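Please look at the sequence and the three-dimensional structure shown here, and keep both in view while you read the report that follows.

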Amino acid sequence: RCKSLSVSFWNSYWMLPSDVCGVNCFWEAAFRYDYMKTHPSEKMHLAVVACGERLEETVTMLRSAVIFSIKPLQFHIFAEDQLHESFKDILDDLPYEGKVNYTLYPITFPTESAAEWKKLFKPCASQRLFLPLILKDVDSLLYVDTDILFLRPVDDIWSFLGKFNSTQIAAMAPEHEEPRIGWYNRFARHPYYGVTGINSGVMLMNMTRIRRKYFRNDMTSVRLQWGEILMPLLKKYKLNITWGDQDLLNIMFFHNPESLYVFPCQWNYRPDHCIYGSNCKEAEEEGIFILHGNRGVYHDDKQPTFRAVYEAIKNYSFGDDLVHSLLQPLELELRKTMHTYCGKVYKVFIKQLTKSVRDLYGRRSKGR
């Protein structure tokens with residue numbers, strides 16, 4: 001499906017602003033492309049849980065994963081029954097046969113406590129806690145919330161699995177970089193990981209290790225496995241938790257800190273990273289890798305910078321020229337948001353995205 005690129009396109013393409021990408025971009029992309037060809041791997045598994053009005057948002061997230069990723073993707077979509085047919089109609093039209101497969105699952109919780117889990121925080125949110133127990137044949141998995149957008153290949157966050165040491169079973173980003181605006185360190189009434197807690201909107205899991213591990217806890221001197229610890233934790237802390245299953249994960253990793261790999265904030269960039277002033281230094285230097293539009297910012301006018309990225313990816317037509325159909329219109333929209341705190345640093349929203357487009361066309365050119 002690779003299309004040849006005209007000379008005029010390449011001329012305009014390489015004239016994109018130099019500050020959005022280092023001079024080694026092309027060669028880094030070529031190296032990664034060669035590495036993927038000579039180190040074949042099984043497909044990457046990505047899971048999401050969608051309920052209520054989250055169909056469009058989930059599909060936009062899946063589209064962002066498809067655009068740039070290199071290795072094949074297996075989507076595990078947990079959704080309410082009434083959404084299944086819509087997901088099937090949309091995903092069957094994705095023009096990437098062989099690169100993407102998907103499986104739809106119903107929302108399911110342990111029978112004896114289903115009602116309690118379903119009403120925890122938002123409807124269906126706690127489904128992710130049970131993924132290691134449901135997807136028993138999946139070794140590793142990237143779970144993301146529906147309001148995630150990938151601005152670089154899924155392959156790159158997937159590669160963190162190879163950086164886990166022998167005790168690490170999962171990877172997440174901090175909830176905050178700046179303790180003065182942190183939620184957990186100021187308000188939590190339960191244990192939490194590290195200085196400011198962790199955010200579970202992007203969670204990379206070695207599920208084989210999760211299923212095998214025995215967790216320390218503050219309920220019993222006996223270590224408990226994943227399937228044994230969830231309900232006792234909920235019973236003990238349900239009156240003290242605000243953010244539902246994320247709080248339970250914070251409690252678990254507070255007691256088992258050696259089990260967590262922490263990745264930098266540009267892998268889970270949220271409005272909190274710019275609405276109080278820019279406080280994700282890694283994103284300032286390298287751009288945003290994964291955008292997390294929590295607080296509903298893709299769908300209101302409170303953070304137009306986030307909404308602009310979401311609308312650009314949602315409206316992009318597969319096969320169109322990414323520079324003229326995605327990057328250039330998006331930058332024009334981002335410039336209109338410079339009156340907002342996040343808009344003042346709008347370049348971090350397009351910096352990595354531009355590099356990802358260059359890398360993609362570099363791979364296509366090399367593969368012709």
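Strand 6 (residues 170-174) and strand 10 run parallel and are joined by three bridges, and within this pair Ala-170 stands opposite Leu-260 of strand 10. Strands here are DSSP runs of type E with at least two residues, helices are runs of type H or I with at least four, and both are numbered from the N terminus; two strands count as paired if DSSP finds at least two bridges between them.

This is a predicted model, in which local features need pLDDT of at least 70 and side-chain atom pairs count only at pLDDT 80 or more, while totals for chains, interfaces and linings use all residues. Residues are numbered from 1 along each chain as its sequence is written, and side-chain values use heavy atoms, with hydrogens and water left out.

Seven strands form an open sheet with mixed pairing, in the order 3-2-1-4-7-6-10. Strand 3 and strand 10 (260-262) stand at the edges with a single partner strand each, so one side of each has no neighbour in the sheet. From one strand to the next the twist averages 25°, where axes are lines fitted to C-alpha atoms (for helices over the stretch in contact) and angles between N-to-C directions run from 0 to 180 degrees. Helix 4 (residues 84-91) packs on the sheet, where it touches strand 1, strand 2 and strand 3, and its direction makes about 175° with that of strand 3; contact means heavy atoms within 4.5 Å.

In general, strands of a sheet pair through backbone hydrogen bonds, either parallel or antiparallel. The table gives some of the pairings in this sheet.

| Strands | Sense | Bridges |
|---|---|---|
| Strand 1 (residues 44-50) and strand 2 | parallel | seven bridges |
| Strand 2 and strand 3 (residues 100-105) | parallel | six bridges |
| Strand 4 (residues 140-144) and strand 7 | antiparallel | five bridges |
| Strand 6 and strand 7 | antiparallel | four bridges |

Is strand 2 (residues 73-79) mostly covered or mostly open? Seven of its seven residues are buried, which is to say under 20% relative accessible area, whereas exposed means over 50% and partly exposed lies in between (1.4 Å probe, protein chains only). In a regular strand the side chains alternate between the two faces of the sheet. Both faces of strand 2 are covered, with Leu-73, Phe-75, Ile-77 and Ala-79 buried on one side and Gln-74, His-76 and Phe-78 buried on the other. Phe-75 is also the bridge partner of Leu-46, while Leu-73 stands opposite Val-100 in strand 3.

Strand 7 (residues 198-206) is largely enclosed by the rest of the structure, because nine of its nine residues are buried. In strand 7, Met-203 is the bridge partner of Tyr-143, and Leu-204 stands opposite Ala-171.

**Helix 10 and the whole chain**

Helix 10 (residues 226-237) has twelve residues, which at 1.5 Å a residue should span 16 Å, and this agrees with the 17 Å between its end C-alpha atoms; the expected span is 1.5 Å times one less than the number of residues. Its buried residues are Trp-226, Ile-229, Leu-230, Met-231, Leu-233, Leu-234 and Tyr-237, and they pack against several elements, including helix 5 (114-118), helix 9 (207-212) and helix 11 (245-255).

The protein chain has 15 helices and eleven strands, and 57% of its 368 residues count as buried. Among contacts in the chain between residues at least 6 apart in sequence, 74% join residues at least 24 apart.
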